[in-house]
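Hi there,

Here is the structure I promised to pass on to you. Have a look at it first, and then read my notes below.

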Amino acid sequence: MTDSAERIVIVGAGVAGLRAAERLRELGFDGEVVIIGDERRRPYHRPAASKQLLGGTARESDLALRTYIDLDARWRLGTMATRLDTTHRLVHLPGGEELRYDGLVIATGVVPKHLAGAPRHDPRVRVLRTVEDAVAVRRALAGNSKPAVVLGSGLIGCEFAATMRHLGRDVTIVGRSSTPLDRLGTAVGSAVTRLHRQHRAGLALGTSVRHWINLKDGIGLHLANSRLLVASCVVLAIGSVPATDWMRGSGLVLEDGVLCEATLFAAGVNDVVAAGDVARWPNLRFDEVPRRVEHWINAVEMGRAAAENLLAGQQSARPFTPIPRAWSGQYEVRLQTVGLPALGTDTVRLAEGVTGYVRSGKLVGACTWDRPKAMLHWAEELERQLPVPEPARPSRHAREPEITPLATVPTVPARTTTPPLGDLWLSGA
């Protein structure tokens, strides 16, 4: 089969899907590339939609992601994949349409979790992920001058609160944990708590919503600690789940995302890879346990690596072994993480404003508080302490390769580990 007769389908028109398409073309694939996206707009910077667009410092047109090569792709936007048939290599689309593929990249990301009992039919109760979500939140806030409330004290909740205070809007963070960003430990959580209090953001922590009250000029929240809040808009930021419903019955393992080999090939198939927030794979720098990593830069690098391995084929594919990096801007502070802090069973103070995360006596992550130079140092230290196993060990899910590579590429350019500059200009978590 010649390259020109082959078709690679990318399901998911976010940053992982876009960067995968670019990598295919960079490596000389000249077959057909089809990109399917359920939103009607081309790929854009999703973190900026929930921050800069919401805060009025960016316009919708500013969020569009640039491409660095001529993709010559066929775009199927506003189209949701409905089913996947891995036996016959078919992606099913609305209206009974079937799209055949020779190679498939799954990059459908995640969707926000819904809170049981929340009145989602009320336009004043929103999630915050897409451009349309940000526009809807702005519309709800314009309804009156009452405070905003965000349910969830993770990154999105904290960043939303900071954006509201930047706009001069009263806001309260409601969370079950005792501190914001509790997964980063007591020291970081306490510092974030002080930061929000300094900027007069309200905090209702260690509690949850007991009752919702529909009011004419707002929406009421009766909390478990007996406190009553009345808001113009309530944002649900309680986490996300992988967008995998359309793949049920495909034969893929879909427990907490698409289970992948270390090389990003979906377990059990040899012509499907996954990338971004939807993929669960073992990062062999840390161990052989498959995990998902929901960070922007990881999605960029993973999309490129998945495309590269799809073209190379299972036999020549290389494990994807990044040192994950992420950052969050809140008020004037930049919080940066490197590695996998969530794996730490203990924390240690590495330096002023630097927290380390340790597992079995080994550093597995670090978090810095306005210390960009220190972050560079500790990223290098993690690279040293967590080398890629040589030779790379196959994951416990490995299977024998069964097909030849999709395309023969005489020389494979070195994998780019630093995302293009356009992926960093507004980058967030």
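Below is what turned up, beginning with the sheets and ending with the cores. Please keep in mind that this is a predicted model.

As a reminder, strands of a sheet pair through backbone hydrogen bonds, either parallel or antiparallel.

Another open sheet is built from three strands in the order S18-S20-S21, and its pairing is mixed. Here strand S18 (258–259) and strand S21 (290–291) are at the edges, each with a single partner strand, so one side of each lacks a neighbour in the sheet. S18 runs parallel to strand S20 (residues 279–282), and two bridges join them. Leu-259 faces Arg-280 in S20.

Now for the cores. The largest nonpolar core has 83 residues, and among those touching the most other members are Val-9, Leu-84 and Leu-104. Helix H6 (residues 296–312) supplies the largest share of this core, 10 residues. A second, separate core of 25 residues includes Ala-201 and Val-235. Leaving aside neighbours within four places in sequence, Leu-104 has contacts that include Val-9, Asp-271 and Leu-310.

Enjoy exploring!

Notes:
Residues numbered from 1 in each chain as written. Predicted model: local features only at pLDDT ≥ 70, side-chain atom pairs only at ≥ 80, totals over all residues. Heavy atoms only, no water. Pairing = 2+ DSSP bridges. Helix = DSSP H or I, 4+ residues; strand = E, 2+ residues; numbered from the N terminus. Core = buried A, V, L, I, M, F, W, Y, C linked by side-chain atoms within 4.5 Å. Buried < 20%, exposed > 50% of the residue type's maximum accessible area, 1.4 Å probe, protein only. Contact = heavy atoms within 4.5 Å.
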